Amino acid sequence: MKVISSVKKMQSFSGELRDSGKRIAFVPTMGYFHEGHLQLMKEARKMADSVITSIYVNPTQFGPKEDFSKYPRDFERDHQMAESVGVDVIFYPTDKEMYPAGYQTYVDVEKVTQNLCGLSRPGHFRGVTTVCCKLFNIVKPHVAVFGKKDFQQYVTIRRMVEDLNMDLEIVGVLTIREADGLAMSSRNKYLQKIERPSALTLSKALKLAQKLYAGGERNASVIISKAEKLIAKSPYTLIDYIKICDAETLKDVDTIRRPAVMALAVKVGATRLIDNHVFGEKLEI
Ligand code: AMP
């Protein structure tokens, strides 16, 4: 497995792969891998001749009071894990390589970034779309694989790719969970042992919502208030949002008619967790 840190070298390596007719699948990440990341890489492996992953904790998607400096990092561990699932190249750039002096260009997807995490993390999606646009220009993939655990990010990237006529396919992978239902996340490392039962209330709330939906409930506020109660009664939890939105526009809905997503963000102790479920899709908890 190769590790490439220079933008120019990555571009010429990918250029040669493309010139020789090879198909490139790309998995952008911030590292500190777990089974969710590996699942994306395994899916990528099935779709292409070459699998490239990037490890880059992107400063422009973190707010000033967020966890950029303490975000978990362990390159050696990530290297071994990526190799174990057949990744060919890790693109591992520095900040200077990605945002050299004089940098001033950003990509802003307007509407789908307004609601949900866009409300509590202003500027976050502008950082995400900017770095993904740059990474797509550097890695030149035919297909890029994203997790639906970050549902708003997935919708936003799809929108950007369509709006800017980027010549690649975006594939989404269902959320990978721990055996107890907790959606895997690099940030789970921050959770204290005592907070773990509280962290499980997110997936429990989604399961409850799915059960209500399966029983015929279509009123969003009825489902939301039951989910709210379930989470709020658990210690250490502070709800940022619980919403039911149209799965494409991400606008709030009152009644579930078209495909809709229930999305939640909850602080458990000092850790902000997100999770979601698209009504009617498989939910294995
Ligand atoms: P991150 O390193 O957290 O930025 O995530 C990199 C990619 O992995 C993104 O496309 C995420 O949506 C995806 N991902 C993170 N956690 C999970 C999970 N539990 N299941 C599936 N995909 C995930």
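Which residues lie nearest the centre of the second largest pocket? They are Val112, Val155, Arg158, Arg159 and Glu248, within a lining of 28 residues. The model is predicted: local features need pLDDT of at least 70 and side-chain atom pairs count only at pLDDT 80 or more, while totals for chains, interfaces and linings use all residues. Residues are numbered from 1 along each chain as its sequence is written, and side-chain values use heavy atoms, with hydrogens and water left out.

**Pocket and cavity**

On a 1 Å grid over the protein atoms alone, a pocket is an open set of points with protein on both sides within 12 Å along at least five of seven lines; a cavity is a set where a 1.4 Å probe fits but cannot get out, and lining residues have an atom within 4 Å of a point. Volumes are the space filled by probe spheres set on the points, which are joined across faces, edges and corners. By this rule there is one cavity of 30 Å³ or more.

The second largest pocket draws at least three lining residues from each of domain 1 (2–173) and domain 2 (186–278), bounds that come from an automatic or database assignment. Helix H7 (residues 151–163) gives the most to this lining, nine residues.

The largest cavity has a volume of about 50 Å³, against about 620 Å³ for the second largest pocket. Among the residues lining the cavity are Lys149, Ser185, Asn188 and Asp275. Strand E9 (271–278) and H8 each supply at least two of its lining residues, and E9 has the largest share, with three. Helices (H or I, at least four residues) and strands (E, at least two) are DSSP runs numbered from the N terminus.

In the table, Ala, Val, Leu, Ile, Met, Phe, Trp, Tyr, Cys and Pro count as nonpolar, Asp, Glu, Lys and Arg as charged, and the others, Gly among them, as polar.

| Lining | Composition |
|---|---|
| Second largest pocket | 14 nonpolar, three polar, 11 charged residues |
| Largest cavity | six nonpolar, two polar, two charged residues |

**Helix packing**

The axes of helix H6 (residues 124–139) and H7 come within 10 Å and cross at roughly 55°, so the two are oblique to each other. Their crossing is right-handed. Helix H8 (residues 196–214) and helix H9 (residues 220–232) pack at about 150° with axes 9 Å apart; H8 is therefore roughly antiparallel to H9. This crossing is also right-handed.

Axes are lines fitted to C-alpha atoms, for helices over the stretch in contact, with angles from 0 to 180 degrees between N-to-C directions. Angles under 35 degrees count as roughly parallel, over 145 as roughly antiparallel, 65 to 115 as roughly perpendicular and the rest as oblique. A crossing is right-handed if the near helix is turned clockwise from the far one by less than a right angle, left-handed if anticlockwise.
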